[in-house]
Amino acid sequence: MTELTVNGHKYEVDAPPDTPLLWVLRDTLGLTGTKYGCGVAVCGACTVHVNGNPMRSCVLPVSAVVGSRITTIETAENSVVQALQQAWVQQEVSQCGYCQPGQILSAAALLASNPRPTDADIDAALSGNLCRCATYARIRAAVHDAAKTLGA
Amino acid sequence: MHAIDNPGRRTFLKAGAALGAGLTLGFYLSPGRAARQTAASTAASFAPNAFLRIAPDNTVTVLVKHLEMGQGVYTGLPMLVAEELEVPWEQIRVESAPADAKLYGNLAWGGTAQGTGGSTSLNNSWDQLRQAGAAAREMLIAAAAALWTVEPSALKAESGSVVHLQSQRRATYGELVAKAAELTPPQSVKLKAPAEWKIIGKSLPRKDGQTKATGQAQFAGDLKLPGLLTALVVRPPLFGVKVKSIKADTARAVPGVKAVVQIPQGVAVVARDFWAAKKGRDALIVEWDETDAAKVSSDALREQYLALAKTAGKVAADHGDAAQALSKAAKTLEATFTFPYLAHAPMEPLVCVVQLKDDACEIWAGSQLQTLDQAIAAKIAGLQPEQVTIHTTLAGGSFGRHANPTSDYIAEAVATAKATRELNAPIRLMWTREDDIKGGYYRPLFVHRIAASLDAQGKPAAWLQRIVGQSILAGTPFGGMIKDGIDFTSVEGASNLSYAVPNLRVELHSTQNGIPVLWWRSVGHTHTAFAVEVFIDELAAAAGQDPYEYRRALLADHPRHRVVLELAAEKAGWGSPLPKGRGLGIAVHESFDSFVAEVAEVTVQPDGNFKVDRVVCAVDCGVAVNPNVIEAQMQGGIGFGLTAALHGKITLKDGRVEQSNYADYPLLRIGEMPKIEVHIVPSEAHPTGVGEPGVPPIAPAVANALYAATGKRVRDLPIDPAALKA
């Protein structure tokens, strides 16, 4: 049994230690907001926070995150994520929506370290998050909006 | 309507009939069997037709017959109902309609097959859903009239209630549903005049915005069913290859693996979850019979196509005498354009969940051709199509990939479920990203060769275009749409050239090579618009004329092209001088009955690397039902087209696809996304699609901008910066 802390809740999971965190979240815990896009950490759809740092859960063995604080898009306790979610809705960012949880988690990590990012900062922080619908212009706008909300 | 009169679309009717779908038209005002069947709160609800249901608690549920894959049908279509029904937007909830060709056929395809494609969703639903809303409104008014014993003419529907004008007595729709459900739907209804619209034309919020931002949105792979097992399939390493032998002992020994079964498409590994299935698949040893392998290389294909483009093909368009005009011309120009295979690569790899029982098959998928998917699933399962239920889930993008005439991923899922019936478990069949990139069904590789001559004023006198590439329709249930050897999806956007050219001839060579191909967001226009719009730029340069003015003069008979062209040019500041290394390029194209012009601004470095800084887009798609969604689709279409212009390339060597994931099949990244301005032409014309038409003009606009900045012509996609080096 592996003990995990996800969004403040403790879980005991029975999964082989090499199982990527992504599949423990999705298939074992039923937290399906975190998405599979590439399996090799090049698209960002599976982004979660581990102790506040954005990580690609598709290549992160569950054995490596025992005792860590894991935050996913389902979090109810992260005000930065929530401000971003509101901004996402306001800016009508989502099209297909599949990559957006990962975009939001990457953006949340950016805002945690850089509360007033420039466009260039956003481009750099989110360069590993692909969006096939190309919602990028609205992603930038929504990150700025969330930064304003959080800074107010 | 224009779209329905399109011969290509009309023949979908026959294609649909050939699939065994029943024929029906004008069925949609009859009582809504499906709406009633799918009603969760059934008995007390009022379902006047197949498209909506009103509950006593005042919730109005709109059933959407099309796949929501990001393009906004869960928003644009319910707006049509809400407008006529007189319901506030917040009161509307959306549900996916079940697969039922009789109720939910695509009217742009003759109404016989349910499906989403060709940017037809809003176009074909425009009258249907407004009538559905209006019929319900009239029935609610009639119900109040009966209850209050007043004339219906003394009543008015307003904000989810019926109001007696004189007394101001009012009842919510929820209060009227029981009475309304007893009434017969009206045979005809009067629709509101544009001046009376309160919802149409407004940028109302997307219905799926909240769930998609919070991770609650349900895609097929997110479905939770008791006992659900996950399947991954080992597919042939080359197209056309079959299984020779399987060594499955090691795979079966992987903890969590429940079964290894051969299916027509390969070998499926079924396991308790994705990771076990993946490890099981990795451990599986399959030997392949390569007798019928398509051992082609894309470089060789390109050479072969270039040679073919020098020979006469089948005639797709012929006005005047292009050959004679060219032979007599003092001056001719000629250019060759090449386009690689492209993968759709939606962010969500294909997923299909199947629950198979002896007398029923239940499917959850981002189904884009429900009627075909249903028929194919039924055939594999040994059931009748009506025994197959399809729950159309959200799709994490598609761009055409889910509209597969072989229903490939659904067929695999049903075949796997059938082969593992003894497990008595629902099967979630998943594709990995590598499966997706290597799995075929690409936008075909194409070559175009165009020769033209100019008259004394510099206008084109003759235009001979030869197009070479695989047919998307050949060998599919839609093959009947090929007329006189011409697959219209190969030549659309070229055979109907909008520019005034007195002698025009377009020819087609449809090739065959065993590589599976498919429609890819904007289909033939992905290459025809590039060849035409770059070449017209070349003619303008040869004539010594401004490329914008040159186009404008040749579009005198195409007012809608001209309006978007002029709007984009004006907003982009066309004609203002730019510093060295920067350039503006323009392109205009009609696709799927919408008109889009785009002006791209680029900055080029001396080493040839360049950036697309800004794009100004003008679109005429008839009535702009939701301007915000239109803007989003133009932005997204431009980004999608830029991926193809800058990066997109699938190559094959001896039959093997050389790319496998986003690392070697890169998509546009956020830092490459230009600033985009979208201008919508005000219009009262029948609304047309926006999902695809934003794509075609961007690659030629960028290529033309690069020419303006460097004097170098780009004729091959993706663009090679090395060729732009100063």
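Modeller: Helices (H or I, at least four residues) and strands (E, at least two) are DSSP runs, numbered from the N terminus. This is a predicted model: local features need pLDDT of at least 70, side-chain atom pairs count only at pLDDT 80 or more, and totals for chains, interfaces and linings use all residues. Residues are numbered from 1 along each chain as its sequence is written, and chains are lettered from A and ligands numbered from 1 in the order in which they are written.

Biologist: Which feature does UniProt place at residues 214–292 of chain B?

Modeller: An unreviewed UniProt entry puts "domain: Aldehyde oxidase/xanthine dehydrogenase a/b hammerhead" there. UniProt positions are given in the numbering used here, feature names are shortened, and annotations may be inferred rather than shown by experiment. The span is 20% helix and 38% strand, and its end C-alpha atoms lie 48 Å apart.

Biologist: Which strand is E9(B) joined to?

Modeller: Strand E12 (residues 285–289) of chain B, antiparallel, through five bridges. Two strands pair if DSSP finds at least two bridges between them. B:Lys247 stands opposite B:Ile285 in E12(B).

Biologist: Switching to helix H7 of chain B. Which of its residues are buried?

Modeller: B:Tyr173, B:Gly174, B:Leu176, B:Val177 and B:Ala180, in a helix that covers residues 173–180. They sit on the same side of H7(B), because they cover an arc of only 155 degrees around the axis. The arc is that of the directions from the helix axis to the C-beta atoms.

Biologist: And what covers them?

Modeller: The cover includes helix H6 (121–148) and strands E1 (46–49), E2 (52–54), E6 (161–164) and E7 (170–172) of chain B.

Biologist: Now the chain contact. How many residues does each chain give?

Modeller: Chain A gives 40 residues and chain B gives 44. Two residues are in contact if their C-beta atoms, placed from the backbone, lie within 7 Å. On the chain A side, helices H1 (21–28), H2 (79–90), H3 (100–113) and H5 (136–151) give two or more residues each. That side has 22 nonpolar, 13 polar and five charged residues. Ala, Val, Leu, Ile, Met, Phe, Trp, Tyr, Cys and Pro count as nonpolar, Asp, Glu, Lys and Arg as charged, and the others, Gly among them, as polar.

Biologist: How is chain A divided into domains?

Modeller: Domain 1 is 2–71 and domain 2 is 79–151. Domain bounds come from an automatic or database domain assignment. Their C-alpha centres lie 21 Å apart. 14 residues of domain 1 of chain A are in contact with 11 of domain 2 of chain A.

Biologist: Which residues does a cis peptide bond join?

Modeller: B:Leu717 and B:Pro718, with omega about -5 degrees. B:Pro718 is in the segment after helix H21 (698–710) of chain B.

Technical notes: A residue is buried if 20 or more other C-beta atoms lie within 10 Å of its own, exposed if 12 or fewer, and partly exposed in between; C-beta atoms are placed from the backbone.
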